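Dear colleague,

Please find the structure below, handed over for your review. My findings follow it.

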Amino acid sequence: VDDEAVSLNMTRDELSSFCHCRYGMSFLAFRAFLRVLEAKEIMRANPELSVQDVGVMCGFSDRNYLERRFIEYVGMSPAVWRARCRAAHKLSGTPPR
């Protein structure tokens with residue numbers, strides 16, 4: 001958190017306050033949320049990648065942490081989300097984006 005605050009020319013407390021006021025969550029939670037969004041995009045674009053590999057690419061320390069945060073923000077595990085995404089694209093006849 002300190003490195004991110006310094007790069008934004010803010011103190012740690014200012015960054016934390018900003019995230020709470022703007023997004024209703026801590027900076028760490030907001031960063032995890034952005035990483036989950038990135039994981040979804042990577043899984044759409046690269047369906048052959050494992051969840052573990054996607055997690056590493058997005059900065060998650062391990063697969064379990066990615067899965068916990070994914071469930072928290074998306075409401076399902078990455079594997080279930082990926083399967084539903086594939087099924088939706090098969091039904092619509094459009095390729096995944």
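Two rings of Phe, Tyr or Trp (for Trp, the six-membered ring) are taken as a pair if their centres lie within 6.5 Å. By that criterion, the structure, which is a predicted model, holds five aromatic pairs. One of them joins Tyr-23 and Phe-30, with 4.1 Å centre to centre and 10° between the planes. This pair counts as stacked because its planes are under 30 degrees apart. Ring pairs also link Tyr-23 and Phe-30 with Phe-18 in a cluster.

Tyr-23, with a relative accessible area of 36%, is partly exposed.

Turning to the helices, α2 covers residues 12-23. Gly-24 follows α2 and has a positive phi, near 70°.

Helix α3 comprises residues 27-45, and Arg-44 is found in it. The relative accessible area of Arg-44 is 25%, so this residue is classed as partly exposed. Between the C-alpha atoms of Arg-44 and Cys-19 the separation is 28 Å, the two residues being 25 apart along the chain.

Yours sincerely

Technical notes. Residues are numbered from 1 along each chain as its sequence is written. This is a predicted model: local features need pLDDT of at least 70, side-chain atom pairs count only at pLDDT 80 or more; totals for chains, interfaces and linings use all residues. Side-chain values use heavy atoms; hydrogens and water are left out. Helices (H or I, at least four residues) and strands (E, at least two) are DSSP runs, numbered from the N terminus. Buried means under 20% relative accessible area, exposed over 50%, partly exposed in between (1.4 Å probe, protein chains only). The expected span of a helix is 1.5 Å times one less than its number of residues. Rings of Phe, Tyr and Trp (its six-membered ring) pair if their centres lie within 6.5 Å; planes under 30 degrees apart count as stacked, over 60 as edge-to-face and the rest as tilted.
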